[in-house]
Amino acid sequence: MVLMKLEENYNRVKEVIEKAEVRTGRKPGSVRLIAVTKTVNAAVVRQAVDLGITDFGENRVQDAVKKVTAFRGVRWHFIGHLQSNKVKDVLPYYSMIHSLDRVSLANEIQRVAEKMDMVADVLIQVNVSGEVSKFGLDPGNLAGFLIKMRSFDRIKIHGLMTMAPFESDPESTRPHFRALKELRDINARPGVELKELSMGMTNDYTVAVEEGATMVRIGSALFK
Ligand SMILES: *Cc1c(COP(=O)(O)O)cnc(C)c1O
């Protein structure tokens with residue numbers, strides 16, 4: 001990829017985020033940009049690191065391993081569906097897992113984190129749109145799930161993540177992002193503030209920022 005193009009894309013995305021922050025009375029810089037590098041190679045990740053990007057996202061353990069191990073001074077976020085047998089390949093390299101969506105996965109994260117003598121930083125993925133093709137907890141099960149998570153002392157829950165359905169008019173995604181924020185507000189309590197809302201991708205991140213996203217996961221807007 002041509003560096004000039006990446007720099008231009010990065011500057012544009014940053015500007016769009018900042019404008020949305022300001023427009024909705026949020027502090028500029030309150031949203032963390034996660035560059036999703038699943039479609040690019042390590043050379044392009046290098047360029048992104050050199051531009052000052054600090055947070056990267058991958059959704060497939062095996063495809064990402066070369067990139068993730070080559071760049072250890074940045075934060076990697078695991079944003080895809082996570083199979084329990086892959087937890088041991090994720091925890092050592094990623095600073096956050098965005099896709100906790102079932103107790104069996106929590107069991108395995110707890111086990112591996114204990115073995116590594118660490119606490120795993122995670123977000124709970126919620127399927128707010130109810131699309132059958134999407135992973136994530138049913139919103140109605142979130143409260144019960146959070147109660148179960150209290151006994152997992154090796155898992156620190158920082159917030160919620162969702163993927164909105166693709167809409168040709170991004171404005172149509174607004175109710176889904178608003179629903180995730182409302183779920184957070186209903187379920188937050190001392191010790192589990194659920195501060196982070198990981199929501200918004202290339203097609204809809206402007207709306208997500210307006211609705212309170214603290215992390216946006218952007219691939220194509222940067223790397224195309
Ligand atoms: C690929 C991916 C993204 C980024 O998608 P773009 O539309 O390219 O910005 C964000 N989140 C998840 C979970 C993804 O798999």
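The answer moves from the chain as a whole to one helix, then to its surroundings, and finally to some backbone angles.

A: The model is predicted, so local features are reported only at pLDDT of at least 70 and side-chain atom pairs only at pLDDT 80 or more, while totals for chains, interfaces and linings use all residues. Residues are numbered from 1 along each chain as its sequence is written, and side-chain values use heavy atoms, with hydrogens and water left out.

The protein has nine helices and eight strands, these being DSSP runs (H or I of at least four residues for helices, E of at least two for strands) numbered from the N terminus. Its radius of gyration is 17 Å, close to the 17 Å that the globule rule gives for 224 residues, so the protein is as compact as a globular protein of that length; the radius is taken over C-alpha atoms, and the rule is 2.2 Å times the number of residues to the power 0.38. Along the principal axes, the C-alpha atoms fill a box of roughly 50 × 40 × 30 Å. Of the 224 residues, 49% are buried, where buried means under 20% relative accessible area, exposed over 50%, and partly exposed in between, with a 1.4 Å probe and protein chains only. Among contacts (heavy atoms within 4.5 Å) with a separation of 6 or more, 57% are between residues 24 or more positions apart.

At the start of α2, a side-chain oxygen of Asn-41 comes to within 3.1 Å of the backbone nitrogen of Ala-43, whereas after the helix comes Gly-52, with a positive phi near 105°.

By contrast, the C-alpha atoms of Leu-3 and Leu-82, 79 residues apart along the chain, are separated by 32 Å.

Asn-9 also lies in α1, which spans residues 3-23, and it counts as buried because its relative accessibility is 1%. With residues up to four places away in sequence again left out, Asn-9 touches Met-1, Ala-221, Leu-222, Phe-223 and Lys-224. The side chains of Asn-9 and Arg-12 are joined by a polar contact of 3.0 Å, that is, a pair of N or O atoms within 3.5 Å in which, within protein, one must be able to donate a hydrogen and the other to accept it, residues adjacent in sequence counting only if both atoms are side-chain atoms. The side chain of Asn-9 also reaches the backbone oxygen of Lys-224 at 3.0 Å.

Most residues other than glycine have a negative phi. Asp-117, however, has a positive phi of about 55°; it lies in the loop between α5 (103-115) and β5 (120-125) and is exposed, with a relative accessible area of 59%. Leu-194, with phi near 50°, is found in the loop between α7 (174-187) and β7 (196-198), yet it counts as buried at 1% relative accessibility.
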